[in-house]
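I opened this model to take notes on its fold, its core and the contact between its chains. The entries follow the order in which I looked things up.

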Amino acid sequence: MDTQMKRGLLDVCVLAAIQYEDSYGYQIIKDMKPYMELSESTLYTILKRLETAKLLTVRTAEHDGRLRKYYRITDSGRRRIEEFKEDWKEMESIYQFITREEVGNE
Amino acid sequence: MNKEEFLNELKKGLLGIPKEDSDERVNFYSEMIDDRIEEGMSEEEAVRAIGDVNSIISQIMAETPMTTIVKERVNREKEKKNGGISPLALILIVLLFPLWIPIVAVIFGLGIALFATLWALVVAFYAVTIALVVGGAGSIVWVLGMLLTGHLFSAGLGIGAGLFCIGLAILMVFGCIAFTKGAIRLTVDVIVGIKKKVSGKERD
């Protein structure tokens with residue numbers, strides 16, 4: 001897949017993983033596991049990018065005597081997911097065009 | 001490899017990137033390992049699940065822009081250098097303040113004086129040229145006067161002097177142009193040199 005496209009897709013996937021409740025690194029990896037294998041390094045880069053773009057916020061909370069970072073989606077983050085859904089519809093119709101069967105001419 | 005070994009390896013491998021960034025990443029992996037242990041994995045298993053530390057380091061270094069790495073390197077060199085000489089150098093700079101201020105002032109003054117001399121020479125060249133033109137024109141007027149009053153010998157002398165002045169003035173015009181160009185180039189070179197020196201010092 002085109003790297004630019006993949007990057008955008010991964011961003012939306014991580015946002016989707018935190019869209020209903022705040023989550024933390026390992027939980028995000030587990031939630032995404034059935035759909036795609038995501039390495040820690042890749043996740044770190046994505047989370048950092050989303051934080052810089054203000055699509056999510058980070059808070060550090062104590063958990064079981066140690067610190068854990070929790071990620072929360074922002075309104076802009078939610079908008080990004082909606083945009084993605086719109087884009088997907090458009091892509092879908094383009095896909096229909098690309099894969100259409102030849103009509104008549106038999 | 002246990003958690004501590006993994007994190008130490010990671011920290012060592014990430015010396016080339018800014019400290020805050022490196023700390024944040026090390027904490028991130030520490031959290032990931034702890035979460036796996038909490039889920040029931042052994043420490044060794046959890047570390048293995050994260051992956052090979054060297055390939056993680058390579059991936060991070062590949063993602064970090066070259067400029068960040070160079071900047072970090074330069075910063076570290078600077079810290080090293082400052083750490084070595086800073087206290088003594090600082091004391092010397094402060095104590096010798098009455099001494100080095102006049103030295104700097106003298107060097108600065110000499111530089112200004114050299115430039116003033118250079119440009120004064122340029123002005124002098126133009127002045128001489130203008131004087132020669134005026135002298136040549138004066139000679140012609142004088143020759144006319146002498147011819148009208150019948151002093152032929154004086155008129156001949158005047159023609160000679162006039163031609164000499166005008167000829168020299170024409171030569172001087174070329175000299176002036178060349179000299180001005182040279183002075184401008186020298187001035188620009190010196191200014192550029194100073195700029196390079198200053199920016200070089202800031203970068204080191």
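In what order do the elements of chain A run from the N terminus on? I read α-β-α-α-β-β-α. That comes to four helices and three strands. I note here that the model is predicted.

**Entry: the sheet of chain A**

I looked up the strand order next. The three strands form an open sheet in the order β1-β3-β2 of chain A, with antiparallel pairing. The edge strands are β1 (23–24) and β2 (56–63) of chain A, and each of them pairs on one side only.

I then went through the pairings. β2(A) is joined to β3 (residues 66–73) of chain A by eight bridges. Two bridges join β1(A) to β3(A), and this pair also runs antiparallel. A:R68 in β3(A) stands opposite A:A61. A:H63 has A:R66 as its bridge partner in β3(A).

How many residues lie between β2(A) and β3(A) in their hairpin? I found two. In that turn, A:D64 has a positive phi of about 55°.

**Entry: helix α3 of chain A**

I checked the span of α3(A). The helix has 13 residues and reaches 18 Å from its first C-alpha to its last, close to the 18 Å expected at 1.5 Å a residue. After α3(A) comes A:K54, with a positive phi near 60°.

Which residues of α3(A) are buried? My list is A:E40, A:S41, A:L43, A:Y44, A:L47 and A:L50. I followed A:L50 further. Leaving aside neighbours within four places in sequence, A:L50 is in contact with A:D11, A:V14, A:L15, A:L55 and A:L56.

**Entry: the core**

I turned to the largest nonpolar core, which has 27 residues. The members that touch the most others are A:V14, A:L15, A:I18, A:L47, A:L50, A:L56 and B:L10. As a general background note, nonpolar side chains tend to be buried together in soluble globular proteins.

I also noted the burial figure for chain A. Buried residues make up 22% of its 106 residues. Of the contacts in chain A with a separation of 6 or more, 54% are between residues 24 or more positions apart.

**Entry: helix α4 of chain B**

In α4(B), I found B:I56, B:I57 and B:I60 buried. Why do they lie on the same side of α4(B)? They do so because they cover an arc of only 100° around the axis. The face turned away from the buried side carries the exposed residues B:N54, B:S55 and B:A62. I looked for what covers the buried residues of α4(B), and the cover includes α3 of chain A, along with α1 and α2 of chain B.

**Entry: where the chains meet**

Last, I looked at the contact between the chains. Eleven residues of chain A are in contact with 15 residues of chain B. On the side of chain A that touches chain B, α2, α3 and β3 of chain A give two or more residues. The largest share, four residues, comes from α3(A). By class, I count two nonpolar, four polar and five charged residues on that side of chain A.

Key:
Residues are numbered from 1 along each chain as its sequence is written. Chains are lettered from A and ligands numbered from 1 in the order in which they are written. This is a predicted model: local features need pLDDT of at least 70, side-chain atom pairs count only at pLDDT 80 or more; totals for chains, interfaces and linings use all residues. Two strands pair if DSSP finds at least two bridges between them. A nonpolar core is a set of buried Ala, Val, Leu, Ile, Met, Phe, Trp, Tyr and Cys residues joined through C-beta atoms within 7 Å. A residue is buried if 20 or more other C-beta atoms lie within 10 Å of its own, exposed if 12 or fewer, and partly exposed in between; C-beta atoms are placed from the backbone. Two residues are in contact if their C-beta atoms, placed from the backbone, lie within 7 Å. The arc is that of the directions from the helix axis to the C-beta atoms. Ala, Val, Leu, Ile, Met, Phe, Trp, Tyr, Cys and Pro count as nonpolar, Asp, Glu, Lys and Arg as charged, and the others, Gly among them, as polar. The expected span of a helix is 1.5 Å times one less than its number of residues.
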